[in-house]
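Work through the following exercises with the model open. Each task is followed by a stepwise solution.

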Amino acid sequence: MNTSVAKKASQAVRLLMMVLTAVLIFFFINVMLLVSDIQGTARVVNYAGLVRGTTQRIVKLEDAGQPQDDLLKAVDSYINGLRYGSDDLNLVRLDDDEYQTKMTELANYFDKLCAEIIRVREVGYENTDIISMSEEFFGICDDATRLAEDYSQEKASALNYLEGLVIIDIVAW
């Protein structure tokens with residue numbers, strides 16, 4: 001009878017080890033997926049800030065009578081990269097509805113800002129709404145940057161949680 005109990009205990013231990021191993025494999029796969037999601041989000045946050053700063057520079061230089069067509073094209077490409085991802089800029093697309101909505105708003109407002117820059121060239125900045133529009137655009141950029149940071153933090157927190165579960169699984173093993 002002792003051998004029967006020992007055999008059942010041995011089978012239970014093996015089954016538990018198999019379950020813990022399967023759970024560990026599941027956790028590792030999820031950790032790898034999260035790491036993949038996190039890679040590139042810092043660059044997105046950086047570029048969101050770059051759009052904000054570069055646009056302010058453009059407005060300042062345009063107000064001083066120095067056309068900035070190349071910088072306008074660069075910012076437009078940054079915005080498209082932030083919305084859709086870009087291999088050229090090494091930007092990932094953030095899969096976050098709130099961020100994507102804000103980026104659509106930002107892109108649309110950038111088009112309006114570009115039209116106002118054309119007016120600055122024609123009639124001078126004093127006769128346009130360029131300053132107030134650039135301030136509005138700055139705020140939209142701030143919101144987009146915050147949302148990108150929030151997304152990145154959410155992924156990092158999920159990764160931290162999964163790492164804790166992996167440790168628990170290993171210790172239980």
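A nonpolar core is a set of buried Ala, Val, Leu, Ile, Met, Phe, Trp, Tyr and Cys residues joined through side-chain atoms within 4.5 Å; buried means under 20% relative accessible area, exposed over 50%, partly exposed in between (1.4 Å probe, protein chains only). This is a predicted model, in which local features need pLDDT of at least 70 and side-chain atom pairs count only at pLDDT 80 or more, while totals for chains, interfaces and linings use all residues. Residues are numbered from 1 along each chain as its sequence is written, and side-chain values use heavy atoms, without hydrogens and water.

**Exercise 1.** Describe the largest nonpolar core.

Step 1. This core has 35 residues, and those with the most contacts inside it are Val51, Ile79, Leu82, Tyr99, Leu106 and Phe137.
Step 2. At least two of its residues come from each of helix H2 (41–63), H3, H4 and helix H5 (130–172); helices are DSSP runs of H or I with at least four residues, numbered from the N terminus.
Step 3. Leaving aside neighbours within four places in sequence, Tyr99 is in contact (heavy atoms within 4.5 Å) with Val44, Leu82, Leu94, Ala144, Leu147 and Ala148.

**Exercise 2.** Is Asn90 buried or exposed?

Step 1. Asn90 lies in the loop between helix H3 (69–84) and helix H4 (97–123).
Step 2. Its relative accessible area is 53%, so Asn90 is exposed.
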